[in-house]
Each structure stands twice: as structure tokens, then as C-alpha cells.
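I opened the notebook to record what I looked up, one entry per topic. The sequence and the model come first, then my notes.

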Amino acid sequence: MSLPWTVGAVGALLVSAAVAWATDEHRRVLADRLRSRLLLGVPWGTLVSVALVVAVYLFLQGGLAHWNDPVTLPFRAWSYLYPLGVVSAAFSHGGPGHLLGNLTGTLVLAPIAEYAWGHYPDERGASTFSSLGTNPYVRAFVAFPAAVVAVGLFTGAFALGPVIGFSGVVFAFAGFALVHYPLTTVAAALGGQAVLQRTYRALLDPVIIGGTSASGPSPPWWAEIAIQGHAIGLLLGILLGLAVARRRDRGPGAVRLWAAVVAFAVPQGLWAVYWFRGNGEYVLYQALGLALVAGLALVVTVAVTATDRPLPRPGGDASRRTVASVVLLVSLAALAGPAVPTNALTVDDGPTPTEGAVTVDGYTVTYAEDVRNRMIPAVDVSLFGEDTNVTTSGVIVVNRDRHIWTQAASKQALAYDGYERIRVGGVGWDAAVDARRVGWSAVGGGTAYHVWLRTDGERPEHAFNSSAATAEPRVSGTNLTVVATERGGFRLRVTEGNRTLAREPMPAANESVTVAGVTFERDGDALFAVRDGTRVRVAEREGYR
């Protein structure tokens, strides 16, 4: 059924593009311009960079075998003491959606940057093929990809936290392109990327049948933006683009550049300055973020378009352009600087719950609630009423050899799905740990639950039991409490006032137990209290998505 739709979509795109090209009176001029800047008119460096990122996903992260669930933990930038993570972080991705977003961004922005730089040198006195630096093949297949790798290593080394993804490099492409072709860059970022993504999704799923459905717990969208890494990439790209523009003594108009920087930065979320308070709570400083975007646009505009005329102050000889460039460098250093002491630290040696934990080749996977996040610096820092002493709850993965400490699945996500698969591994291997939650919800009184962990081929390990949950309804003056026992089962505790009347195991399906004249009757996944013809639901098995 989907094949005709796919063929129709591809055919429509090809015909539409062919007709547009055939009717364009300036197509020869466009083709000549492309060939004058790019080898055979093709952005080879972009294609090589895309191939590198795809290869990392398929082979290093195991995406070839697990396309939707690649290995990510060992390929994040955890610490300078774990070089593999720092080196691989910028070229690895958390999943196919993450990969797709960064690849489409690369395909629309990197060619603009590559075109601005050019495979053929245009500096005064330069001659093609006179040296390696002027050889178009070297520039296309070696120099440009090498610069991409260098920028990726920079963003991996100076991004704050265990980052993963090519987005810092994509923002560097955007920064470089903004300096040379501001409005074209904005159009590509806002329109071109959306077109590519929608085309890919339409070819992948030509027809989608949807319906109303609930969504699971997740952080606010702005809390999933690596704003510091994006800002580092953008500033680095702007500085590199500025260096090329000054050497060639050309640049865009001030108004166009200012408008383009703002029009790019706001939709891309560079205003989303936020802080993590722990246990799923975040705070957003969007007014501050918008002010920072305005300041960035101002400094970039002055640095690119200002003249070398000295500042109007007595005895001053520094030009406006120089001062603005220094401000950009200082801004980059200010963004990258905090990552140095943070990434130089190892995982805090504080206690990590190990009861019921499972181990896989150096990884320890456990479950805990309200424990301190050990990847946050041990020295408490407070700012704007926020501090670094934050707690977390959920499935926790620790690998001290790799300096990894992370919440791999939140308590809320596990409560919603009832199941999470945590993939661990390294170069050339991977393994999965399954986390499963089982609980009983007391009517009006919360949920008592267990968490079990299991590796492939092994017996489940009991990792956690919650506090008890007491039902709100009272029958003949008695209260029912569901207790999650330490051995992984459930028990009923029946009380009257402050007196415990009985402790009984949870009845099996379609069985019952009688305490003080009240019968607790199990009907499938529901538990009822029955007396004198009155039947009240008091608990039910926790349901998941």
C-alpha cells in the first residue's frame, strides 16, 4: 500500500524540481557559480562529514543492529579522564530522531559554509594547485572534513555536562554561514531543514493513522536543548567565518546581519536559559535568554561590519571591530570555561545504592529515589536561588572506570511505562538491562511498588521496594494498607485506629481473605472490601501504558 505513495512522492519532487530548473533563466549562472566555488559544483566536504556521522551511529554505537536503540552511555563526554567519551560525543547520537535532526541541519547549512569558504582559493595572489592549501581536492575531501572534526572535538571538550550529538557543529556551520550569507542561512535553517525532515518522514511513512493518546512524562522541550553547547558552536562558527571574511575584506550589511542572527537564534532556542532543580523540576529564565540573544546579535554585527576606526576616547587606538572581536572571544571563553573544572572532575565517590543492583562489565545498574546526583560537582554553588545540590530518582547507571554516573530512566517514566530498557556497552559490544516496575495502587492513597532489574539470560534482581500505600475508603472502621515487602511481594495490613488487626499476603486472583469480619476479595487486578452486602474497591494493580 505504501509503495505507490512513496513512488508518487518521489516522482512529484523530482518533476517539480526539474520543471523549476528548466524554467529558470538563470540556471546557467547558478551552475557556473557553484562550479566556481565547489569542485564540480558539489559540497564534497559536507557529504564526507555526513558519512562520518552516519558511520559512527551505525558501527561505533551499534545502530546497524539496534537502529532505534543505539549504545549511548560510553560515547558521551563524561570527563576529561575518559577521553573516548570526549572524542566521540560530538559525532554520536541518542537515537534515529536525534540523528535525523542533526543530519538535515548539516545538509542545509554546511553547504552554505562550504560554499563561502570555497574549494578554490580566492585570496589575492593565490593560485589553484600551487600547494596543498590551494588544491581543491585537498580542500574538499581533507581540509573541510578536518575542520568539522576539530570543531566537533572542541564542542565535545568544552560543552557542559555529558553531551552527545552533532548539533554543536551544526550551529558552527550556521555561525560561519551567517557571517557571509545571513538571509540565505536563515531561510535554510527555518525552511530547508523542515522540508528535508518532512520529505524523509513522508517517504518512511507515506500514510499515518493516528488517534487520541496520552503521552508519557518528559522534561519540558526547552530543558532538552544543550544551549551551552549550541552557543559555543555558534560563536566558534562566527569567529571562523569572521576570520575568513576579514581576509577577503567582504561582509554583509549591518541590518541584514543583525536581523538574521536574531531570526536564527530565537527559533533555534538560544534564549532557553534554564536550570535543573532535581527530580524532574526545571526553571526557565526566558527574559534573560532573550536579552542575551539581543546582545549576541549586537556584538556579532559590530564585529563583522564595523570599520577599523578607533573608538571615540582620548588616547584610544583600539578599533570598534577589534573590541567587538575581543568581546566575541571573551564570550566564547566564558561559555567554555565552566566546562573545564566540571569535566576535569571524576564521579563523586559518595555512596550509590547497590542492593539489588546488576553489574555488566564495569557498569552497575541500580534503582534509587531521592539520592544526590553524583555527576553534579561536590562543591555546592548557589546562584539566583538555585544550587548544585540536586537529587534524582530512577534507574541509575554507574561506571567509575568511565566516570559515568547518570539517571538512565526517571521514576516518572518507569511509573508510566512500567518498563525501561537500558543499553550499556563500549567499543564493539553492548548489553541490555531491563527495569520493570510492579505495583498496587490503594484507592485515594498512592501506590506501593517494586522495581526489578534483569540482564539477558539472568534471573531478575529485586532492586527497590517503596513505602506502603493506605486506601482512603474505610469499611467498618478498618483501614487497608498495601505493603511492598522487602522480598518483592505484597502484603495487606488491616488496622483499626492505631491497632494492627492482621497482616496477610495479597490474595491470589479470584481468592479472598477475611479479617475482623471484612472480606478482602481479589477479582482479577482489583481488590474489594466486602461486608454485609457492601462491596468497595480499595486497591488495584498499577496499570501502565
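Predicted model: local features only at pLDDT ≥ 70, side-chain atom pairs only at ≥ 80, totals over all residues.

**Entry: Ser476**

I looked up Ser476 and found it in the loop between strand E13 (469–470) and strand E14 (479–484).

Ser476 is not a glycine, yet its phi is positive, at about 55°. Its relative accessibility is 41%, so I put Ser476 down as partly exposed. The cut-offs are under 20% relative accessible area for buried, over 50% for exposed, and partly exposed in between, with a 1.4 Å probe and protein chains only.

**Entry: Asn510**

I then turned to Asn510, in the loop between strand E16 (499–505) and strand E17 (512–515). Phi of Asn510 is positive too, near 65°, and this residue is other than glycine. Is Asn510 buried or exposed? Asn510 counts as exposed because its relative accessibility is 64%.

**Entry: the whole protein**

I wrote down the totals next. The protein has 14 helices and 20 strands. Of its 545 residues, 44% are buried. Along the principal axes, the C-alpha atoms fill a box of roughly 100 × 65 × 40 Å. I took contact to mean heavy atoms within 4.5 Å. Among contacts between residues at least 6 apart in sequence, 60% join residues at least 24 apart.

A pair of aromatic rings is described by the distance of the centres and the angle of the planes. I used this rule: rings of Phe, Tyr and Trp (its six-membered ring) pair if their centres lie within 6.5 Å, and planes under 30 degrees apart count as stacked, over 60 as edge-to-face and the rest as tilted. By this rule I count 13 aromatic pairs. In one of them, Trp117 and Phe144, the ring centres are 6.3 Å apart and the planes stand at 35°, so I noted the pair as tilted. Trp117 belongs to helix H5 (residues 96–117) and Phe144 to helix H6 (residues 136–158), so the pair ties together parts that are 27 residues apart in sequence. Trp117 and Phe144 are both buried. They also belong to one aromatic cluster, together with Phe91, Phe166 and Phe173.

A charge sits over a ring if NZ of Lys or CZ of Arg is within 6 Å of the ring centre and within 35 degrees of the ring normal. Arg139 lies over the face of Trp117, at 4.1 Å from the ring centre. Elsewhere in my list, Arg535 lies over the face of Phe528, at 3.8 Å from the ring centre.

**Entry: H6 and its partners**

Axes are lines fitted to C-alpha atoms, for helices over the stretch in contact, and angles run from 0 to 180 degrees between N-to-C directions. H5 and H6 pack at about 115°, with their axes 12 Å apart. Which residues meet there? Ala110, Ala113, Glu114 and Trp117 in H5 meet Arg139, Ala140, Ala143 and Phe144 in H6.

I looked at H6 and helix H9 (residues 227–248) next: their axes come within 9 Å and cross at roughly 140°. H6 is therefore oblique to H9; angles under 35 degrees count as roughly parallel, over 145 as roughly antiparallel, 65 to 115 as roughly perpendicular and the rest as oblique. On the H6 side, the contact is made by Arg139, Val151, Phe154, Thr155 and Phe158. On the H9 side, I listed Gln228, Ile232, Gly233, Leu236, Leu240 and Arg248.

**Entry: Arg76**

Arg76 is in the loop between helix H3 (44–60) and helix H4 (83–88). Arg76 is partly exposed, with a relative accessible area of 23%. Not counting residues up to four places away in sequence, Arg76 touches Tyr82, Gly85, Val86, Ala89, Pro162, Val163 and Ile164.

Key:
Residues numbered from 1 in each chain as written. Heavy atoms only, no water. Helix = DSSP H or I, 4+ residues; strand = E, 2+ residues; numbered from the N terminus.
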